[in-house]
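Welcome! Please take a moment to look over the sequence and the fold before reading on.

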Amino acid sequence: MSKFKLLLVLLCAVVLIPAYVIATEGGYVDPVKTWEFGYKLWLYISAVIWAGVTIALIYFIFKYKKKSPGRDVDGEYIHGNIGLEILWTAIPTVIVILLAAQTWAVFNELRSPPDDAYEISVTGYQFGFDYVYNYDLEGKLLPQAIKKGTPTDKLVVPEGPVKLLLGTRAGDVVHSFYIPVFKTKEDMIPGRKTYIYFLAKEEQIGKTFPIYCAEYCGTRHSLMLSDIEVKSKDEFKEWVSKQAMAVAEAAQASPLERGKKLVGSQCIGCHNITGEPGGYAPTLKGVFGKEREFEDGTTAVADEAYIKESIRAGDAKIVKGYPKMSNFPPESISDEEVNAIIEYLKTVK
Ligand code: CUA
């Protein structure tokens, strides 16, 4: 490349790199709007290039068809054209730098949550998502975390900026947390903490949108679905205080009652308590005190220690004919809750 061309390219870069468009909403950058702008930019530029190439192609097909008069006469001999070369170097360079700058703007926004974004922890596991709320809307730590994670639980978020802290349960596999409406998707990798940011907007209040796991993670990957619901700030505050009260109440209940609730919410997604055969996971009916047969040919009686181990480390003993169970760490089900589950399972005969 000649010095002149290099200079031209550098000049374009300096002028265009800060030329990207950032869309804002209510004082916050909105990655979705910036994404939409970038998408249209790519689309329109591609359409213009496509139309230009196609029109030229059709024109030349007719102009230089074999039967044209003078077709067998040689054309004029040309030795390069500096002006043309500069033009076809400069135009694509400008376009590519512009598109790269706009794409970078979207990426940068998705990675830059504002300091006042509301934080929720999201943990992926085979096959679902746990949602843990540790703060109220003002960012004050709740006395007890609100844990949501049954198949019917939605991810409830307030209007405004939201930051989700992503991870997986220990020993789980890679999942991918995907919210199409917010144009954001991020891998959940065992042992790694990451995050996503989005802006829930006023027009989305009261609406529910789908969440997907977007990484093949096992036989029930296609069922690893959830929903996200946007609430207004006031409704969200009310929701948090209601949930916090329910958490406090649950702590007062007898172990048997707590166990029944926990099994109904946490276990029933894979197990059943009716004794029906052919489920994804072994039935819990009459499981306590029963002899279990494992994949490696060993056996054990399902006592308290066995049930606790199964909840904490589902891959320690795998029941014959079934997949390994997901690991539930103490952040997800506390020791107290494990004991409550055992108390309840003793009664499911
Ligand atoms: Cu989790 Cu696919």
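Which residues line the largest cavity? In this predicted model, the lining is made up of Asp130, Tyr131, Val132, Lys147, Lys148, Gly149, Gln266 and Ser332. The space inside the largest cavity comes to about 40 Å³, and a search of the whole structure turns up one cavity of 30 Å³ or more.

Two strands each give at least two residues to this lining: S4 (128–135) and S5 (141–148). Strand S4 has the largest share, with three residues. Sorted by class, the lining of the largest cavity holds two nonpolar, three polar and three charged residues.

Ser232 sits in the loop that joins strand S12 (225–231) to helix H4 (233–252), while Thr184 belongs to strand S9 (residues 184–188). Are they buried or exposed? The table gives their values.

| Residue | Relative accessible area | Class |
|---|---|---|
| Ser232 | 19% | buried |
| Thr184 | 5% | buried |

Ser232 counts as buried because its 19% relative accessibility falls under the 20% cut-off.

What do these residues touch? Setting aside residues up to four places away in sequence, Ser232 touches Glu159 and Ile205. With neighbours within four places likewise left out, Thr184 is in contact with Leu110, Phe177, Tyr178, Ile179 and Ile196.

Notes
Residues are numbered from 1 along each chain as its sequence is written. This is a predicted model: local features need pLDDT of at least 70, side-chain atom pairs count only at pLDDT 80 or more; totals for chains, interfaces and linings use all residues. Side-chain values use heavy atoms; hydrogens and water are left out. On a 1 Å grid over the protein atoms alone, a cavity is a set of points where a 1.4 Å probe fits but cannot get out, and a pocket is an open set with protein on both sides within 12 Å along at least five of seven lines; lining residues have an atom within 4 Å of a point. Grid points are joined across faces, edges and corners, and a volume is the space filled by probe spheres set on the points. Helices (H or I, at least four residues) and strands (E, at least two) are DSSP runs, numbered from the N terminus. Ala, Val, Leu, Ile, Met, Phe, Trp, Tyr, Cys and Pro count as nonpolar, Asp, Glu, Lys and Arg as charged, and the others, Gly among them, as polar. Buried means under 20% relative accessible area, exposed over 50%, partly exposed in between (1.4 Å probe, protein chains only). Contact means heavy atoms within 4.5 Å.
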